[in-house]
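Please look through the sequence and the model below before reading on, and keep both in view as the explanation moves from one part to the next.

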Amino acid sequence: MSIADRLVLQRQHHLKWRALDRLELILMVICGVLCFGFSLSVTADIITRTIGHPWLWLQEATSTLFIYAIFIGCAVATRRNDHLYLTAISESMHGTPRLIVEILIRLVVLAVAGCLIYYGYINYLRGFGSFRLPSNTPIASLYAAIPLSGVLIALFTVEQLVNGIRNGFDHPEPPEDAADIPPADTGIQNGGRS
């Protein structure tokens, strides 16, 4: 990587909002804990059912962990640009056409975030009329993840728009180090001949 590319990457790194870096880290840790908890609760559910003494509340815990992991993970993926969007089109462009396509993509993501916030909040309010069994907690406890995810996605998308408009969306990727790996010595000679 050239010195100019390193300077561009450093400049872009410094222009990110530091508070959002911490938020991203916290959300990544939460996602990890949620995924671990999900795996643990599924395993416990299988074991308790196999031995003939099922814990019915495990299904509620499993669904809650899964739903929150999905929606918080979507927000983190938005911040890291790991979500599915039209990268093939935008990465093949440079200059003004790329700027326009990148802005349009982020405006679409922002519109989706708005829908998540608006309709998610409506579902959240309606969720107080339905209850989960056996705990009798309102189903709104699950629906709360939807507008929360929308707010985080909108926040991260606005950050990308501001940084992209100020500094451009054309970010050079650091080259992968292609280490020369010698072939493995298997001890077998050509055709079994010595």
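Predicted model: local features only at pLDDT ≥ 70, side-chain atom pairs only at ≥ 80, totals over all residues.

The paragraphs that follow take up a helix, then a core, and then some pairs of aromatic rings.

After helix 3 comes asparagine 81, whose phi is positive, near 60°.

Which residues of helix 3 are buried? Among them are Leu58, Tyr68, Phe71, Ile72, Ala75 and Val76, and the buried set also includes Glu60, Thr62, Thr78 and Arg79. As a general point, an α-helix has 3.6 residues a turn, so residues three or four places apart point the same way. The buried residues of helix 3 pack against several elements, including helix 2 (18–50), helix 5 (96–126) and helix 7 (145–167), as well as strand 1 (131–132) and strand 2 (137–138).

In soluble globular proteins, nonpolar side chains tend to be buried together. Here the largest nonpolar core has 18 residues, and Leu27, Ile72 and Phe156 are those with the most contacts inside it. Helix 2, helix 3, helix 5 and helix 7 are the elements that give two or more residues to this core. If neighbours within four places in sequence are left aside, phenylalanine 156 is in contact with Leu20, Leu23, Leu27, Ala75, Thr78 and Arg79; of these contacts, Ala75, Thr78 and Arg79 are also listed among the buried residues of helix 3.

Because phenylalanine 38 lies in helix 2 and phenylalanine 66 in helix 3, the pair ties together parts that are 28 residues apart in sequence. Phenylalanine 38 is partly exposed, with a relative accessible area of 27%, and phenylalanine 66, at 43% relative accessibility, likewise counts as partly exposed.

Another pair is formed by tyrosine 124 and phenylalanine 128, whose ring centres are 5.1 Å apart and whose planes stand at 75°, so the pair is edge-to-face. Tyrosine 124 counts as partly exposed at 25% relative accessibility, and phenylalanine 128 counts as partly exposed at 42%. Ring pairs also bring in Tyr121, which is linked with Tyr124 and Phe128 into a cluster.

Key:
Residues numbered from 1 in each chain as written. Heavy atoms only, no water. Buried < 20%, exposed > 50% of the residue type's maximum accessible area, 1.4 Å probe, protein only. Helix = DSSP H or I, 4+ residues; strand = E, 2+ residues; numbered from the N terminus. Contact = heavy atoms within 4.5 Å. Phe/Tyr/Trp six-rings, centres within 6.5 Å; stacked < 30°, edge-to-face > 60°. Core = buried A, V, L, I, M, F, W, Y, C linked by side-chain atoms within 4.5 Å.
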